Amino acid sequence: MSAAFWSLVGVFNYVVLTYFLVLNTVYLGTSVFAFGALRRYSMRLKSLDLTDLITSGGAPPISLIAPAYNEALTCVESVRSLLSIEYPNFEVVVVNDGSKDETVERLRAAYQLEPASRIPTAAVHTARVRQVYHSRTHPSLWLVDKENGGKADALNAGLNYCYTPMFCAIDADSLLEPEALVRIVRPFLEDSRTIAAGGILRIANGCRVERGRVVEVGLPRSLLARFQVLEYLRVFLAGRMGWATLDASLIISGAFGIFSRAAVVRAGGYATDTVGEDMELVVRLHRHHSEAGIPYKIHFVPDPVAWTECPESIAVLARQRDRWQRGLFQSLTRHKRMLFNPKYGKAGVLAFPYFFFLEMLGPVIELLGYVAFVVTIAAGRADWYFVGAFLAVAVVFGGVLSLSAVALEELSFRRYPRVSDLFQLFGLAALENLGYRQLNTWWRVKGTISALRGVEGWGKMTRTGFSGEKRRGAAK
């Protein structure tokens with residue numbers, strides 16, 4: 001190959017090195033901000049009696065909207081978990097999105113659901129609602145049975161039948177901790193500008209679940225699932241906590257977030273033409289309020305926990321990450337006018353460029369960088385100073401950031417009480433950048449290609465269910 005080619009490869013290698021350096025430096029920055037915020041939050045919790053909110057009568061009513069599609073194996077236990085939440089004024093609205101299994105039948109049998117009349121309070125367009133059911137044994141439980149339209153369509157149906165000023169969006173196969181609502185509603189009580197708040201997701205694989213509650217926390221047996229435990233700690237505690245501290249949150253997980261119903265309805269509800277409806281809604285809320293000149297706040301609260309099941313097979317995880325990347329691509333390209341636009345505050349000037357260049361486009365640069373790195377070494381043209389710098393920035397620096405996420409967990413909430421689990425997490429942090437990260441990069445590149453090709457749909461996900469049975473359903 002010509003000298004010009006190798007010169008170009010050399011330049012690209014340093015572009016990739018710069019990418020890793022910038023990406024990991026941003027991670028480090030958000031970790032530092034998160035550390036301070038988590039310390040303040042933890043200290044505040046020690047002096048706060050959460051029962052004050054429950055007994056004071058000041059807790060605003062909330063609707064829990066849980067879309068369900070083919071959730072027969074876990075829906076009864078998940079609903080039991082929702083009904084056992086310690087909150088004075090809430091209702092549960094399960095939205096069956098045209099399930100092909102026995103989701104409706106199992107819910108009706110378990111909770112004595114009967115046809116009932118419930119007048120819609122909004123007119124967001126959705127697929128046809130077939131029937132609304134109400135529980136004879138649990139007055140706060142409702143079931144909206146509708147034709148299939150996708151998760152976003154199901155959430156919109158829940159919005160239409162929501163009677164409370166706030167709603168909490170949660171996956172029907174996730175488990176909320178009893179105090180989750182009390183904790184996540186606090187930003188709304190403390191700041192009237194609050195329109196949304198997100199909570200943290202944790203991996204339920206490996207935990208012991210009884211009657212809809214996680215009663216013993218442990219690490220999964222599967223190595224793939226363990227890597228995801230570490231990944232969730234980094235994403236939520238170091239990433240989302242850090243961005244929220246900067247007042248620049250762009251994502252609230254679709255599996256657990258609370259919103260002002262009026263704000264979401266005014267913004268048009270959930271978009272049904274994207275697989276990333278959770279992120280797209282948050283970005284659109286930023287746009288809507290900034291363009292209308294309405295003061296607003298979007299928060300992240302690090303301790304209200306929803307436990308969720310993660311994939312334990314490479315094929316299912318690959319489909320999930322492909323979908324996540326497609327959703328990211330769709331959300332950012334749809335709202336690209338926010339990029340570097342000071343009209344949208346820190347969300348437009350800081351968070352949007354980060355997600356656009358480093359999270360959306362970054363995986364392509366990263367994958368090509370790995371290829372160029374290997375080709376350069378194989379051809380004997382490696383600058384060993386560069387090799388050392390590449391490994392230091394891409395592998396060692398990345399491992400240190402994962403270690404910092406485990407440290408944040410240990411210094412704040414310590415949900416993994418066993419010392420052996422803690423050491424395993426530290427070991428995973430050292431190993432994550434030696435294979436798992438590269439797999440993720442490949443899946444995200446495929447997701448970007450899928451987005452460019454206009455691929456639609458969620459894909460299938462095999463879950464074991466909290467009882468250990470296997471079932472198939474739409475991926476998260």
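## A pair of strands

Ile62 stands opposite Phe90 in strand E2. Strand E1 (residues 62-68) and E2 (residues 90-97) run parallel and are joined by 7 bridges. Strands here are DSSP runs of E with at least two residues, helices are runs of H or I with at least four, and both are numbered from the N terminus. Two strands pair if DSSP finds at least two bridges between them.

The model is predicted: local features need pLDDT of at least 70, side-chain atom pairs count only at pLDDT 80 or more, and totals for chains, interfaces and linings use all residues. Residues are numbered from 1 along each chain as its sequence is written, and side-chain values use heavy atoms, with hydrogens and water left out.

## The sheet

E1 and E2 belong to an open sheet of 10 strands with mixed pairing, in the order E3-E4-E5-E2-E1-E6-E11-E8-E12-E7. Its edge strands, E3 (113-115) and E7 (175-176), each pair on one side only.

## The cores

A nonpolar core is a set of buried Ala, Val, Leu, Ile, Met, Phe, Trp, Tyr and Cys residues joined through side-chain atoms within 4.5 Å; buried means under 20% relative accessible area, with a 1.4 Å probe and protein chains only. The largest such core has 81 residues, and Leu64, Tyr87, Leu176 and Leu181 have the most contacts inside it. Helix H8 gives the largest share, 12 residues. A second, separate core of 34 residues includes Tyr344 and Phe356.

## Helix H10

Of the 16 residues in H10, 12 are buried, among them Met279 and Leu281. Just after H10, Gly293 takes a positive phi of about 70°.

Key:
Buried < 20%, exposed > 50% of the residue type's maximum accessible area, 1.4 Å probe, protein only.
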